[in-house]
Amino acid sequence: MTRIGFFTRLLDDAGPAERYRIATEQIVAAERHGFDSAWVAQHHFHAAEGGLPSPFVFLAHAAAATTRIRLGTAVVTLPLEDPVRVAEDAVVLDLLSGGRAELGVGSGSTPASFLAFGERFEDRSEAFAEKLDALVAAFAGGALADEANRLHPSGRDLLGHVWQATFSASGGARAGRAGHGLMLSRTQPRPAAAPGGPGRRASIAELQQPIVDAYLEALPQGATPRILASRTLFVADSRDEARRHAELGIRRAAVMFARAGQPPIGDTLDELIASYDAHVGTVEEVIESLAADTVAAQATEVAFQVHSVDPPHELVLRSIELIASEVAPALGWGSRVSADAA
């Protein structure tokens with residue numbers, strides 16, 4: 001059965017400390033309603049992109065407030081990190097959480113952030129590959145520059161919980177060859193040559209299917225696929241409520257997307273929703289739109305986030321409840337919907 005996850009970039013309309021409190025409450029609610037996992041993104045310097053530069057610190061805090069839900073990074077920007085320190089932090093998180101850590105890593109997408117760490121954005125692919133190898137070697141117990149230096153505590157338990165995020169088929173193949181999990185984004189860059197044809201916008205499933213295919217083809221014989229599809233989902237009790245908040249949030253986000261080279265296909269709310277691959281509406285509406293997402297159906301886990309709608313906290317909590325109690329069961333997703341969610 002496809003598992004369900006909750007994903008937050010900590011973008012609530014509040015100061016940093018309040019963002020952390022709100023995100024913790026949302027993760028606790030996700031656990032109470034039977035979600036299998038909770039994921040946080042790492043972002044440096046730019047509050048409008050994300051509110052969390054130190055995901056391991058935050059997830060250790062979340063671990064103390066929960067008992068069952070798995071806790072993951074989606075993602076740590078590996079080219080900006082020391083891979084041995086990432087390995088050490090991940091191991092400590094895993095131990096403090098009772099073995100609930102998941103480690104998603106990526107190459108990064110914000111050029112300005114690289115400057116502060118003395119790195120070149122243009123070199124991120126090579127740096128990612130090199131540091132990923134070092135990270136995995138540390139988990140496996142390899143010597144760290146000297147035979148006397150080996151990861152302690154051991155990271156072997158995390159070898160099966162590494163995920164790679166990518167936008168490309170080559171990245172999917174890389175994750176597959178390594179036997180790692182594959183992380184797919186909530187929206188996908190659409191080059192001019194993207195599938196779809198004249199007058200038709202390519203769906204996110206059409207764009208991501210080649211990535212999934214490359215991953216599965218490269219996966220070692222006998223390895224179990226792990227595919228996490230992140231999706232924007234805001235479900236509300238009424239269509240008007242859902243669309244009112246979507247109008248505010250997605251229109252604001254469209255400005256940032258356009259600056260990053262992803263302009264919307266039009267200016268109506270429906271065009272904005274389609275441009276950024278969002279599922280917005282009532283329970284019935286989002287069930288229908290999610291059911292058409294063939295890659296999400298193929299994933300072993302779907303992680304839901306409210307970005308770029310970004311409704312108020314109380315409506316995020318209600319969306320979490322509706323996903324667990326009505327949306328996920330209708331799609332055959334979710335493995336642990338609790339009695340509290342009924």
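Q: Is W39 buried or exposed?
A: In this predicted model, residues are numbered from 1 along each chain as its sequence is written, and local features need pLDDT of at least 70, side-chain atom pairs count only at pLDDT 80 or more, and totals for chains, interfaces and linings use all residues. Side-chain values use heavy atoms, leaving out hydrogens and water. Buried means under 20% relative accessible area, exposed over 50% and partly exposed in between (1.4 Å probe, protein chains only). W39 has 1% relative accessibility, so W39 counts as buried.

Q: How many aromatic pairs does the structure hold?
A: Rings of Phe, Tyr and Trp (its six-membered ring) pair if their centres lie within 6.5 Å; planes under 30 degrees apart count as stacked, over 60 as edge-to-face and the rest as tilted. By this rule, the number of aromatic pairs in the structure is six.

Q: What kind of pair do the rings of W39 and W163 form?
A: Their centres are 5.7 Å apart. Their planes stand at 85°, so the pair is edge-to-face.

Q: How many residues apart in sequence are the parts that W39 and W163 tie together?
A: Strands (E, at least two residues) and helices (H or I, at least four) are DSSP runs numbered from the N terminus. W39 lies in strand β2 (residues 37-40), and W163 lies in strand β5 (residues 162-165). The pair therefore ties together parts whose separation in sequence, in residues, is 124.

Q: Is W163 buried or exposed?
A: The relative accessible area of W163 is 2%. W163 is therefore buried.

Q: What kind of pair do the rings of F45 and F117 form?
A: The ring centres of F45 and F117 are 6.0 Å apart. The planes of the two rings meet at 40°, so the pair is tilted.

Q: How many residues apart are F45 and F117?
A: F45 sits in the loop between β2 and α2 (55-65). F117 sits in the loop between α4 (111-116) and α5 (124-139).

Q: How many residues of strand β7 are buried?
A: Strand β7 covers residues 227-235 and is mostly covered. I227, A229, R231, L233 and V235 point one way, while L228, S230, T232 and F234 point the other way, and all are buried. Of the nine residues in β7, the number buried is nine.

Q: Which residue in β7 stands opposite L184?
A: Two strands pair if DSSP finds at least two bridges between them. Strand β6 (residues 181-184) runs parallel to β7, and three bridges join them. Opposite L184, the residue in β7 is A229.

Q: Which residue in β9 is the bridge partner of T232?
A: Strand β9 (residues 301-305) runs parallel to β7 and is joined to β7 by five bridges. In β9, T232 has as its bridge partner Q305.

Q: Which residue in β8 is the bridge partner of T232?
A: β8 and β7 also run parallel, with four bridges between them. On this side, the bridge partner of T232 is A278.
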